Amino acid sequence: MVYCCSDLHGYFDEFIKLLKKINFSSNDTMYILGDSIDRGPKPLELLKYIYEHDNIIPLMGNHEEFLLAYVSDDFDKKSDAFLWDLNGGKTTRLAIDKLRKNDPVLYKNIVDDMKTWQYYLVLEPYILSHAGYNAMKLKNIPATIESLSKMTLREFIWSRDAFFKHKGIDEYITIFGHTPVRKIRVVFNQEQSDNIWVCDKYKDKIGIDGGVAIDGQLNCVNLDTMEVTIFDPKKT
Ligand SMILES: [Mn+2]
């Protein structure tokens with residue numbers, strides 16, 4: 001089976017419980033749609049687990065970009081570390097500093113691996129990306145799958161309303177995270193819930209960030225059956 005989930009934000013124990021709940025095995029594949037780190041308690045445990053499992057395929061999120069900026073040579077350690085910390089990065093930052101000191105080989109492996117994480121993936125008929133893309137651009141160019149090449153890397157990891165308020169690429173359904181679904185529902189004046197959000201106007205987007213980092217839940221979608229499994233830490 002092929003699954004996806006998103007915005008794990010260092011909630012490693014909860015992720016493991018989710019894997020148990022779906023009976024995840026070495027024959028299955030799990031895509032994580034970005035923001036595996038920051039905010040939560042065990043970002044490094046999650047990064048190690050991802051690194052050790054070839055059938056867990058992570059995508060880039062804006063929080064992974066904070067980390068890669070931090071470990072790059074031209075990083076301003078003082079002001080940029082401050083900005084990352086403001087965005088929930090402190091636990092990750094301290095853990096990555098410690099790893100660099102205590103296990104430089106594993107540190108290098110994890111960072112080098114992270115540099116290869118993709119910004120989007122196409123698994124027909126699905127497009128997977130952290131934040132979608134800039135759907136407003138499709139007003140001026142044909143809304144075909146080729147239009148993905150016109151999007152900037154930043155748009156795959158930072159888009160919000162510019163993605164979910166506008167019609168997307170024809171004949172594809174985009175599965176995305178980044179904006180917790182409860183916040184998307186506020187934008188559309190919809191009834192509150194942390195369950196996956198399906199765009200009812202265009203039927204071309206599915207938001208799956210259940211907001212585990214804001215007292216919400218983890219949503220996991222089986223891409224073969226479209227069955228959704230929820231792990232809600234509040235209910236265990
Ligand atoms: Mn994000």
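Helices (H or I, at least four residues) and strands (E, at least two) are DSSP runs, numbered from the N terminus. By that rule, the protein chain here has nine helices and ten strands. This is a predicted model, in which local features need pLDDT of at least 70, side-chain atom pairs count only at pLDDT 80 or more, and totals for chains, interfaces and linings use all residues. Residue numbers start from 1 along each chain as its sequence is written.

**Overall shape**
- The C-alpha trace of the protein chain spans about 50 × 40 × 35 Å along its principal axes.
- The radius of gyration, taken over C-alpha atoms, is compared with a globule rule of 2.2 Å times the number of residues to the power 0.38.
- A compact globule of 236 residues would come out near 18 Å, and the protein chain agrees with its 17 Å.

- Two residues are in contact if their C-beta atoms, placed from the backbone, lie within 7 Å.
- Of the contacts in the protein chain with a separation of 6 or more, 74% join residues 24 or more positions apart.
- Leaving out residues up to four places away in sequence, I32 touches C5, S6, L8, I56, P58 and L59.

**Burial, and a look at Y49**
- A residue is buried if 20 or more other C-beta atoms lie within 10 Å of its own, exposed if 12 or fewer, and partly exposed in between, with C-beta atoms placed from the backbone.
- Buried residues make up 41% of the 236 in the protein chain.
- Y49 sits in helix α2 (residues 43-52).
- Y49 has 16 other C-beta atoms within 10 Å, so it counts as partly exposed.
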